[in-house]
Amino acid sequence: MSTRSYRQNCALAIALDLIGERWTLLIVRELLLGPRRFKDLEANLPGIGTNLLSARLARLADNGIVERRRPEGGHPSYRLTELGRGLKPAVTALIRWGMHFPERRAAALHARGEWNILPLRALFDARSGKDWRGAYRFVVDDNEILVECRHGELEPAAPETPVVGRIAMDSTTAARLASGALDAGSAVEAGALTASGNDQDLARFFAAFSRSISPSPDVA
């Protein structure tokens, strides 16, 4: 498959030559969540097609962004190289920028619970998160994920981690909270957000995120 180039001596243009094609950053998104087998990437990216996924992975591998590994006794999987992991700040910045368009979010769109961790990471304040105890069940529409703070990072919770709180909302509410168009206290009053668990644990959860989703005192 031929590749296109902007043919510009500019770092942004060079970056877009490498990762600007359709689907490429969504592949990077998947691999920021952890290694993936080909069939997992295909399932998590409905509509990409086998040939196009193969082509995108090959181009990423040729440029040292992705590598394919076969663990002993396991299935081959794709993972980001150190160079590829360097895209994390850029992806996080794009996620933050995308939060300015809550009206484009809808429950009818394809969603996976694991995707919720990326916008949560974009808003996460590790300094506040250090006081977390246990895991929180975060639910958007019917998609949920258990999250905890490990080594200063927001991560999927280990199975044995005790769950200390549950926070649930729909995708529209989540988008409005993330964009700052709505605060958590108002969402609770409107019945758009439900939070259950120990009051102190819930206060720790909300304190670990940016001001846009900080709760009013009645949530904590």
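1. Ground rules. The model is predicted, so local features need pLDDT of at least 70 and side-chain atom pairs count only at pLDDT 80 or more, while totals for chains, interfaces and linings use all residues. Numbering starts from 1 along each chain as its sequence is written, and side-chain values use heavy atoms, with hydrogens and water left out. Helices (H or I, at least four residues) and strands (E, at least two) are DSSP runs, numbered from the N terminus.

2. The start of the chain. Helix α1 covers residues 11-19, and A13, D17 and I19 are buried there (buried is under 20% relative accessible area, exposed is over 50%, partly exposed is in between; 1.4 Å probe, protein chains only). The buried residues of α1 pack against α2 and α4 (50-62), where contact means heavy atoms within 4.5 Å. In the loop between α1 and α2 sits R22, which counts as exposed because its relative accessibility is 62%. For a sense of scale, R22 and R204 are 182 residues apart in sequence and 38 Å apart in space, C-alpha to C-alpha.

3. The α2/α6 pair. Two packed helices are described by the angle between their axes and the distance between the axes. For α2 (residues 24-32) and α6 (residues 88-98), the angle is about 110° and the axes are 11 Å apart. Axes here are lines fitted to C-alpha atoms, for helices over the stretch in contact, and angles run from 0 to 180 degrees between N-to-C directions. That makes α2 and α6 roughly perpendicular to each other (under 35 degrees is roughly parallel, over 145 roughly antiparallel, 65 to 115 roughly perpendicular, the rest oblique).

4. Who touches whom in that pair. On the α2 side we have L25, V28 and L32, meeting K88, V91 and L94 of α6. The residues of this contact of α2 with α6 split into 5 nonpolar, no polar and 1 charged. The classes are Ala, Val, Leu, Ile, Met, Phe, Trp, Tyr, Cys and Pro as nonpolar, Asp, Glu, Lys and Arg as charged, and the others, Gly among them, as polar.

5. The sheet. It is open, with 5 strands in the order β5-β4-β3-β6-β7 and mixed pairing (two strands pair if DSSP finds at least two bridges between them). At the edges are β5 (153-156) and β7 (193-197), each pairing on one side only. Neighbouring strands of this sheet are turned by 25° against each other on average, direction ignored. Helix α9 packs on the sheet, touching β3, β6 and β7, and its direction makes about 100° with that of β6.

6. Pairing, strand by strand. Antiparallel pairing joins β3 and β4 over 5 bridges, with V139 opposite E144 in β4. Likewise β4 and β5 are antiparallel, over 4 bridges, and R150 faces E153 in β5. Strands β3 and β6 pair in the parallel sense over 6 bridges, and R166 in β6 is the bridge partner of R137. Finally, β6 and β7 are antiparallel over 5 bridges, with A168 opposite T194 in β7. Strand β6 is largely enclosed by the rest of the structure, because 5 of its 7 residues are buried.

7. Two backbone angles to look at. Most residues other than glycine have a negative phi, and most peptide bonds are trans. D141, in the hairpin of β3 and β4 with its 2 residues between the strands, has a positive phi near 55°; D141 is partly exposed, with a relative accessible area of 24%. In the hairpin of β4 and β5, again with 2 residues between the strands, H151 takes a positive phi near 55°. H151 is exposed, with a relative accessible area of 84%.

8. The cores. A nonpolar core is a set of buried Ala, Val, Leu, Ile, Met, Phe, Trp, Tyr and Cys residues joined through side-chain atoms within 4.5 Å. The largest one has 31 residues, of which W132, I167 and F209 touch the most other members. Elements supplying at least two residues each to this core include β3 (135-140), β6 (163-169) and α11 (199-207), and the largest share, 5 residues, comes from α7. Leaving out residues up to four places away in sequence, the contacts of I167 include Y136, F138, L193, L202 and F206. Apart from this core lies another, of 18 residues, among them I27, I65, Y78 and V91.
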